[in-house]
Amino acid sequence: AAAGPDGRRRLRAGAWWRNDGLAPHTRPGALVVILRDADGREQVIHDDPGALRQIVPTGHYKIEHDMELPAGLKAGTYDLLFALQDRYKGRITPILPDHPCDGAGRIAIGRVTVT
């Protein structure tokens, strides 16, 4: 992620999903994108409360977002994490129960270098 012509830093990230369940996701929740630095500090860079409603058990779905990074975010390498935040219970829950995630249910998608 680097500064564009307007001086703002943006990151484009996407995920592809397939719902093999029996019903769409109906609980109040959001797909949250997080950057975590080497010291474990986390910064939420995107919160999409409507993303999961489109994932119904009839096919494949692609979710892409262009996210503006916070102005004070330091240059460096970050882990890119996705999480499903359950707004009913107020906690992060696993998105995919059979996919490796950290203790708080966040899935590491990859690493991002911010310049």
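What follows is my set of notes on the chain, one topic per entry.

**Entry 1: ground rules.** I am working on a predicted model, in which local features need pLDDT of at least 70 and side-chain atom pairs count only at pLDDT 80 or more, while totals for chains, interfaces and linings use all residues. Residues are numbered from 1 along each chain as its sequence is written, and side-chain values use heavy atoms, with hydrogens and water left out.

**Entry 2: the chain overall.** I looked up the secondary structure and got 0 helices and 7 strands. Helices (H or I, at least four residues) and strands (E, at least two) are DSSP runs, numbered from the N terminus. The pattern along the sequence reads β-β-β-β-β-β-β. I then asked for burial, where buried means under 20% relative accessible area, exposed over 50%, and partly exposed in between (1.4 Å probe, protein chains only). Of the 115 residues in the chain, 36% are buried. For contacts (heavy atoms within 4.5 Å), I took the pairs at least 6 apart in sequence and found that 70% join residues at least 24 apart.

**Entry 3: nonpolar cores.** The term covers a set of buried Ala, Val, Leu, Ile, Met, Phe, Trp, Tyr and Cys residues joined through side-chain atoms within 4.5 Å. The largest such core has 17 residues, and Leu-11, Leu-35, Ile-45, Leu-69 and Leu-80 touch the most other members. Two or more residues each come from strands E1 (10–18), E2 (29–36), E4 (60–68), E5 (76–86) and E7 (107–114). E1 gives the most, with 4 residues. A separate core of 5 residues includes Val-32, Ile-34, Leu-81 and Ala-83.

I also listed the partners of Leu-35, leaving aside neighbours within four places in sequence. Leu-35 is in contact with Arg-41, Glu-42, Gln-43, Ile-45, Leu-69, Leu-73, Tyr-78, Asp-79, Leu-80 and Val-112.

**Entry 4: His-46.** Not counting residues up to four places away in sequence, His-46 touches Leu-31, Val-32, Val-33, His-65 and Met-67.

**Entry 5: salt bridges.** Side chains of opposite charge can pair when their charged atoms come close. I used the criterion of a side-chain nitrogen of Lys or Arg within 4 Å of a carboxyl oxygen of Asp or Glu. The whole structure has 8 salt bridges.

Arg-8 and Glu-68 form one of them, at 3.3 Å from N to O. Arg-8 sits in the segment before E1 and Glu-68 in strand E4, so this pair ties together parts that are 60 residues apart in sequence. Arg-8 is partly exposed at 41% relative accessibility, and Glu-68 is partly exposed at 40%.

Asp-79 turned up in two bridges that I noted. With Arg-36, the closest N and O atoms are 4.0 Å apart; Arg-36 lies in strand E2 and Asp-79 in strand E5, so parts 43 residues apart in sequence are tied together. With Arg-111, the closest N and O atoms of the pair are 3.2 Å apart. Arg-111 is in strand E7, so its pairing with Asp-79 of strand E5 ties together parts 32 residues apart in sequence. Arg-111 is exposed, with a relative accessible area of 58%. Through shared partners, salt bridges join Arg-36, Glu-42, Asp-79, Arg-106 and Arg-111 into one network.

Entry 6: On a 1 Å grid over the protein atoms alone, a cavity is a set of points where a 1.4 Å probe fits but cannot get out, and a pocket is an open set with protein on both sides within 12 Å along at least five of seven lines; lining residues have an atom within 4 Å of a point. Grid points are joined across faces, edges and corners, and a volume is the space filled by probe spheres set on the points.

The second largest pocket holds about 220 Å³. It has 14 lining residues, of which Asp-37, Arg-41, Leu-73, Lys-74 and Tyr-78 are closest to its centre. E5 supplies the largest share of this lining, 3 residues.

I found 1 cavity of 30 Å³ or more, with about 40 Å³ of space in the largest cavity. Its lining consists of Ala-13, Gly-14, Ala-15, Leu-31, Val-33, Ile-63, His-65, Met-67 and Phe-82. E1, E2 and E4 each supply at least two residues of that lining.
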